[in-house]
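Please brief me on the fold of this protein chain. Keep it short and group the points by topic.

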Amino acid sequence: MVNFLLERTVPLPLDEAWRRLTEWPRHASVVPLTRVTVLTAPPTHEGTVFVARSGIGPLAFDDRMEVTLWRPPTDDTPGLVRLEKRGRVVLGWAEIEVRPGPGGRSRVVWREELRVRPLPSLFDRPLESAARYVFGRAVNRLLRTG
């Protein structure tokens with residue numbers, strides 16, 4: 001199991017940073033070889049379920065997630081969403097927080113605990129490096145493009 005943290009400060013209002021990070025199908029456009037299918041009716045809420053399918057052919061796997069906390073940002077409180085990963089291969093959770101940053105910008109904090117079955121703990125360090133790279137790049141792209 002690996003844990004990692006990503007932090008970004010972006011020149012976006014809170015609601016726009018939140019929108020860019022929580023429109024789940026957009027994630028497919030920034031993660032290679034991935035498509036995202038939302039299984040519940042919009043809008044996103046606690047209980048929303050979606051699946052990110054990554055890979056090619058028989059090497060593909062599903063990352064099934066459920067929104068267990070949904071609190072969009074307001075003028076007084078940061079936004080926070082928690083996703084529980086409930087797939088057969090990928091387990092763990094992710095939290096995305098969007099809060100006010102300096103100079104009217106938004107501060108994004110992405111926390112994640114990730115476990116991939118059947119990888120033994122020997123692979124934790126390479127998995128952490130790969131996850132930090134892939135998710136960091138995805139967050140950057142999501143925040144950069146409207």
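Predicted model: local features only at pLDDT ≥ 70, side-chain atom pairs only at ≥ 80, totals over all residues.

Residues are numbered from 1 along each chain as its sequence is written, and side-chain values use heavy atoms, with hydrogens and water left out. The protein chain holds two helices and seven strands. Helices (H or I, at least four residues) and strands (E, at least two) are DSSP runs, numbered from the N terminus.

**Overall fold**

- The order of elements from the N terminus is β-α-β-β-β-β-β-β-α.
- The radius of gyration is 15 Å, close to the 15 Å that the globule rule gives for 146 residues, so the protein chain is as compact as a globular protein of that length. The radius is taken over C-alpha atoms, and the globule rule is 2.2 Å times the number of residues to the power 0.38.
- Along the principal axes, the C-alpha atoms of the protein chain fill a box of roughly 45 × 35 × 25 Å.
- Among contacts with a separation of 6 or more, 46% link residues 24 or more positions apart. Contact means heavy atoms within 4.5 Å.

**Surface and charge**

- Of the 146 residues, 42% count as buried. Buried means under 20% relative accessible area, exposed over 50%, and partly exposed in between (1.4 Å probe, protein chains only).
- The protein chain exposes about 8,100 Å², and carbon and sulfur atoms supply 57% of that area. Accessible areas come from the Shrake-Rupley method with a 1.4 Å probe; for residues, only the protein chains shown count as cover.
- There are 23 positive and 17 negative side chains, and the centres of the two sets lie 7 Å apart. Lys and Arg count as positive and Asp and Glu as negative; His and the chain ends are not counted. The place of a charge is NZ of Lys, CZ of Arg, CG of Asp or CD of Glu.

**Helix α1**

- Helix α1 covers residues 14-22, and its buried residues are L14, A17, W18, R20, L21 and T22.
- An α-helix has 3.6 residues a turn, so residues three or four places apart point the same way.
- The buried residues of α1 pack against strands β1 (2-10), β4 (61-71), β5 (79-86), β6 (90-100) and β7 (106-116), and against helix α2 (124-144).

- Strands β3 and β4 run antiparallel and are joined by six bridges. Two strands pair if DSSP finds at least two bridges between them.
- A52 stands opposite D63 in β4. The β3-β4 hairpin has six residues between its strands, and G55 in the turn has a positive phi of about 115 degrees.
- Strands β4 and β5 are also antiparallel, with six bridges. M65 has K85 in β5 as its bridge partner.
- Eight bridges pair β5 with β6 in the antiparallel sense. Here R82 is partnered by E95 in β6. Three residues separate the two strands of this hairpin.
- Eleven bridges pair β6 with β7, again antiparallel. I96 has W110 in β7 as its bridge partner. This hairpin has five residues between its strands, and G103 in the turn has a positive phi of about 65 degrees.
- Strand β6 is mostly covered, with nine of its eleven residues buried.

**R35 in strand β2**

- R35 is found in strand β2. At 53% relative accessibility, R35 counts as exposed.
- Leaving out residues up to four places away in sequence, R35 touches A28, V51, A52 and R53.
- R35 and W24 are eleven residues apart along the chain, and their C-alpha atoms are separated by 9.9 Å.

**Backbone exceptions**

- Most residues other than glycine have a negative phi, and most peptide bonds are trans.
- The peptide bond from P42 to P43 is cis, with omega near -5 degrees. P43 lies in the loop between β2 (34-38) and β3 (49-54).
- A cis peptide bond also runs from R117 to P118, with omega near 0 degrees. P118 sits in the loop between β7 and α2.
- L33 is not a glycine, yet its phi is positive, near 55 degrees. L33 is in the loop between α1 and β2, and L33 is exposed, with a relative accessible area of 56%.
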